[in-house]
Structures are given as C-alpha cells and as structure tokens.
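I opened this model to see how its chain is laid out. Here are my notes, entry by entry.

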Amino acid sequence: ALLQGLHTAVGSQDSALRRELYQVIAAEGLGRLFQELQTVDPVASTTIHPNDERRIVRALEVYRETGRPLSEHHAISKAQPPRYRALLLGLRFLDRQALHARIEQRVDEMIAAGLLAEVAALLKRQPPPCPTALQAIGYKEFAPYLRGEEPLETAVALLKQSTRQLAKRQMTWFTRMSQVQWLEGGNAHNFERATQIVHNFGFHNI
C-alpha cells in the first residue's frame, strides 16, 4: 500500500454499513456473510478464511460501497507502478525456537508494562469501541479473563499463540516480496551489513 498506493475502496472505519453487517453476524452468524462474499467476490473468498470476521466484513463493506469486489480493487492497485524507489530490509529468524522465545518474552514485558489495565479501560469505555478494535491481538485474548470467564494463564497462553501465528503470517507475506533484503535475527553483524546495504543502495547521496 505504501509503495503502490491504497486502492480506492478505503471507506469509513465505523460506518452504518459496518454496524449493519455486524448485526447480521449477531442475528444469523458469520456463515451468512461468507456465503454472500462467495457470491459477490469469489476470488476474495478463496483467500479469506470463513472464520475471519474482520476481513469478511471489510470485503463486503467495500463491495456494497463501491459496487466492485475487493479483489478487483486489489488487482488495480497491484498493477500500478511503484510510487517510490524504496529499500526494503527484513529481519528473519532461521531458528524458529529463538523467535518464539523472543515473542514470549515480549508478551511478558507487555503484561508487566500494564497491558491488562489498558484492555480493561478499553472494555469500560463509553461509547464502546468498534468491534474491530476489540479483535486486535492483545485485546481479544484478555477480554474473557477480565470478564471472569477464564484464568489468566489461559489468556496469556492464547496471546503468545496468536502472536506466533501473526509472526508466521507476516513472514509468509514478506517472503513473497522479492525486493526484500534479509538480515538474520540474532546476528551480531546485522548493523554493519545493513549499513553496507543502505550505502550500496545510494542513500549516501541524498
């Protein structure tokens, strides 16, 4: 999106249409909306999981607002030439266990820094936040605990699992981008290598 621009179907973050779609989910279930998505945008329906509430709602919102499927908007956006000459650096861990250990440490640090209080304040806010905000990683895992529905240990374990899954999805996404130049996580020489890559790219002339 940054390099090639956003597609034209940006829309509102809390529109009446979005609230209407969530009302359909509450009344008839998410499957009802996924069936509609399969009809109006079969291409998008093959890339969106039937349980991915946020993306299903977003795709239908775009279709109803613009009259064109989200997959078509994405295709138009991808066909545009890059807007900038950009250098992309990625950090990856070949040792998956090392990555998982860092994720777990980061989650523990976030909890120690007050994540639970932040989630509790969000749940008490009036008017309540939009449904998509409550589905963010770090919020959705702790909401059941704060309602007294599950123990803290379960919420923490779910958050760590969700974060690992997010990291995996991000790696899959960026690995498809051939222009990314990768640095290996934990390598003591990353700074020197990154500096050389930037130098070779030409930023020293700016």
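**Ground rules.** I took helices (H or I, at least four residues) and strands (E, at least two) as DSSP runs, numbered from the N terminus. The model is predicted, so to speak of local features I needed pLDDT of at least 70, and side-chain atom pairs counted only at pLDDT 80 or more, while totals for chains, interfaces and linings use all residues. Residues are numbered from 1 along each chain as its sequence is written, and side-chain values use heavy atoms, with hydrogens and water left out.

**Overall layout.** I found eleven helices and two strands in the protein chain. Read from the N terminus, the order is α-α-α-α-α-β-α-α-α-α-α-β-α. Next I looked up burial, where buried means under 20% relative accessible area, exposed over 50%, and partly exposed in between (1.4 Å probe, protein chains only). Of the 206 residues in the protein chain, 31% are buried. For contacts I used heavy atoms within 4.5 Å. Among contacts with a separation of 6 or more, 62% are between residues 24 or more positions apart.

**Asn 190.** I found Asn 190 in helix H11, which covers residues 190–201. Is Asn 190 buried or exposed? Asn 190 counts as buried, because its relative accessibility is 14%. Leaving out residues up to four places away in sequence, Asn 190 touches Leu 91, Leu 183, Glu 184 and Gly 185. Asn 190 and Leu 91 are 99 residues apart in sequence, yet their C-alpha atoms are 9.3 Å apart in space.

**Nonpolar cores.** In soluble globular proteins, nonpolar side chains tend to be buried together. I took a nonpolar core as a set of buried Ala, Val, Leu, Ile, Met, Phe, Trp, Tyr and Cys residues joined through side-chain atoms within 4.5 Å. The largest one has 18 residues, and Leu 33, Leu 37, Ile 56 and Leu 60 have the most contacts inside it. Helices H1 (16–28), H2 (30–40) and H4 (53–66) each supply at least two residues of this core. Another core lies apart from it, with seven residues, among them Val 107, Val 119, Ala 155 and Val 156. Back at Leu 37, I set aside neighbours within four places in sequence and found contacts with Pro 42, Ala 44, Ser 45, Ile 48, Ile 56, Ala 59 and Leu 60.

**Gln 35.** This residue is also in helix H2. Gln 35 is exposed, because its relative accessible area is 51%.

**Lys 160.** I found Lys 160 in helix H10. Lys 160 is buried, since its relative accessible area is 14%. Which residues does Lys 160 touch, not counting those up to four places away in sequence? They are Ile 103, Glu 104, Val 107 and Asp 108. The side chains of Lys 160 and Asp 108 are joined by a polar contact of 3.2 Å. (A polar contact is a pair of N or O atoms within 3.5 Å; within protein, one must be able to donate a hydrogen and the other to accept it, and residues adjacent in sequence count only if both atoms are side-chain atoms.)
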